[in-house]
Structures are given as C-alpha cells and as structure tokens.
Amino acid sequence: MSSVKIHTPPVRLAKLLRTPGGLPVAEAVQRAGAGLESLKTDCLGELKTVLEAAEACAARASDAFDADLLAELYGVVSKPIGVPSVCGLASMDTALISLSDLLDYLKGQQRWDANAVAVHLRALRLLLHTEGAADAAGTQAILAGLRKVSQRYARPSGA
Amino acid sequence: MGLNPESRARFNLERASVLLLEESPMGMSILVQILTGFGAKTLHRCEKVEEAKDAIGKVEVDLIICDALGASGAGYDFVEWLRGSRIEPNCYVPVLLTAGHTPSNAVARARDCGAHFVMAKPLTPIAVLERILWIAREGRRFVECDTYMGPDRRFKNEGVPSGMVGRRRDDLHGDIGQAETPNMDQEVIDSLMKTRRVEL
C-alpha cells in the first residue's frame, strides 16, 4: 500500500471572492450573457465552416473503416461543441454530441457507417438553417432520431 | 447546488488571476466573455499546453479553466502535470476542466487527472459561476499518493467500497454482520418521531 498524504491547502480564490466590491450574481450573469450575445455572428460563421469541413471529410470516406479519417472527422465535429448554444442553436450542440458519440462508438468497434454519419450531417445543416426554434416539436423529433441512430452502436454488439 | 441567477449576493473576481487553456479561438472567446462579464481582469490566455506550462512557472494563478483539448486529452495531461509539478502554490489551484465530448476511453483520465470539476459543454454563465464558487470553497482536502495528486474525489461519505479495505486512517473497519431483526416499519419510525402528549 502506497503512503497517502492528505492535507488542506489554502485557497486564495476563496478569500478573493469575498473581498468587498465585485458584482451581484444577477449583474455578472447578465453581463456575461451580453458578452456572449456579441459573439453570435462570429459563431454562426464558424459553424458554417465546421459543417463544410465535416461534409468534405465524410465525402472522402470509402465503405471500409479508416481510423485516420474517423479521427479527423471526430476532431472536426467535437471541437465546436458549445459554440451553437451561444447562437441559440442548442439543438445543434445536441446533434454534434450525438455525432461525436457515434464516431466514438464506431472507432471502438472499428466500423464505418456512411449512412449514420450522413444523416447526422444532413440534420446539422437543417438545424443550422432553420435556427431550431421555428419548430420545436420537429427539432425534438430530429434529435430523438439521431440519438437512436448513434445509440445503435453504443453496445459492443453493434447494429 | 442551484445558484439563483437573480441573486443579489456579491462576489469579487477583480483581483483573481485566471489562466485559460483552450485551443479553439471561438471557445476561447466564449470563456473570455464569460469571465470578463464576471469582472475578472487578469486573464492569461493560452492556446497550447506549452504556453500554459510556461505561464504556470512564471505567474501565480488563482483559478484555471482548461479544456480537455479534444481526443488527445492533452488537457487532462496538463492538469496531471500541474499537480505533479510541485510548483507552489499553483499546483494546488482550483481547476475547472471543460469538455465538449469525452470519448469512452478518456472517462477515467478525466476523473483521475486531478481537476476539481469536469464540466460538459455547452457552457452557460450561471453554470460556470456556480462551479467557480463551488470549487473555490475552502477546506477541500487534497490527496497526494503515488498514483494520484489532486482534490479528494470522495464527495459523499458512504464509507469504504464493499469488499475493499479502507486506505485512510479515519476509515472505519469491522464486520457489520447480518441484520438480526427485520427492518423497522416506516410507520413505527414515524411514530417515534411524532410529538405526543404524555399524561403523567
């Protein structure tokens, strides 16, 4: 059994947070929200670029499993997770997570499913252009469908 | 937790030195907008692990918000390096680790790298503030051993896992044994708690 040292180091942040001045929680959250709002246009531009890169990457895939291509596509789609929510496109974040899950499962099973990837990419393009909120029920149906597709590979036995 | 976004309670991040490690420019912009909205003025922005390591050696930081950095999980390695670096006081600093997607093979690394909290993206201002206030709590124990250095990962005091021997001096030992009588009925327990008039 290795020796274990347990101690309580001082946390300077705790003291700083308590110093007089600062901001009320409500004002801080409102200011941060306003700051995020200012990024909206840039975020939308970034998402369009990401989607084009993901589509181009998927188009290069053959029917066979290609670990490098899968890793590249995973990198492209997992990196922007969190960006769509800044533009009010939380549904796109959910779809990106579903696609990242799918690619992670496929990697683990050394498989490739072009249709499952393509349906995610088409859904992402749709969600990007319809801005989600227009049809909440329709958006939820799309996301539920994507989830079903990615979860088919969640078990080691696969689809 | 549940921090009320309408709360008038005050906090002060003006004098805190915050290190941000995020390779995506848009991800960095999101973090900067959130932190500056909270009133933080000193932000050390690092896009690469090497920049962050360099900063750790040069300046004292009070909080680190670090991304997992994709499938490579270089963010986890950075936190592990930080804890093991013994660069005081930075090696004990609260770390909030953010992750867009955690691949199945990285879940254990995320848990064991030594971060105070792993937060899934998308980030919202209220959730980030809630976590900052939570990880800044004083009195959080730090564990140092051959295989781990970081904040105590035991959130709940549920005792030693079943079938294992406790590794800590304050872990209770002993065989609890089988129950000798049936569990008390809930009505009986309630009746014990209920206030009753007693006639003497």
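The buried residues of H3(A) (buried meaning 20 or more other C-beta atoms within 10 Å of a residue's own, with C-beta atoms placed from the backbone) are covered by elements that include helices H4 (67-78), H5 (83-86), H6 (90-109) and H7 (114-130) of chain A, together with helix H1 (25-37) of chain B. This is a predicted model, in which local features need pLDDT of at least 70 and side-chain atom pairs count only at pLDDT 80 or more, while totals for chains, interfaces and linings use all residues. Residues are numbered from 1 along each chain as its sequence is written, and chains are lettered from A and ligands numbered from 1 in the order in which they are written. Helices (H or I, at least four residues) and strands (E, at least two) are DSSP runs, numbered from the N terminus.

| Class in H3(A) | Residues |
|---|---|
| Buried | A:Cys43, A:Glu46, A:Leu47, A:Val50, A:Leu51, A:Ala54, A:Ala58 |
| Exposed, on the other side | A:Thr41, A:Gly45, A:Thr49, A:Glu52, A:Ala56, A:Ala59 |

Exposed residues have 12 or fewer such C-beta atoms, and partly exposed ones lie in between.

Elsewhere, B:Tyr148 is located in the loop between strand S7 (142-144) and strand S8 (149-151) of chain B. B:Tyr148 is partly exposed, since 18 other C-beta atoms lie within 10 Å. Residues up to four places away in sequence aside, B:Tyr148 touches B:Asp112 and B:Val143, where contact requires C-beta atoms, placed from the backbone, within 7 Å. From B:Pro122, B:Tyr148 is 26 residues away in sequence and 28 Å away in space, C-alpha to C-alpha.

Technical notes: Two residues are in contact if their C-beta atoms, placed from the backbone, lie within 7 Å.
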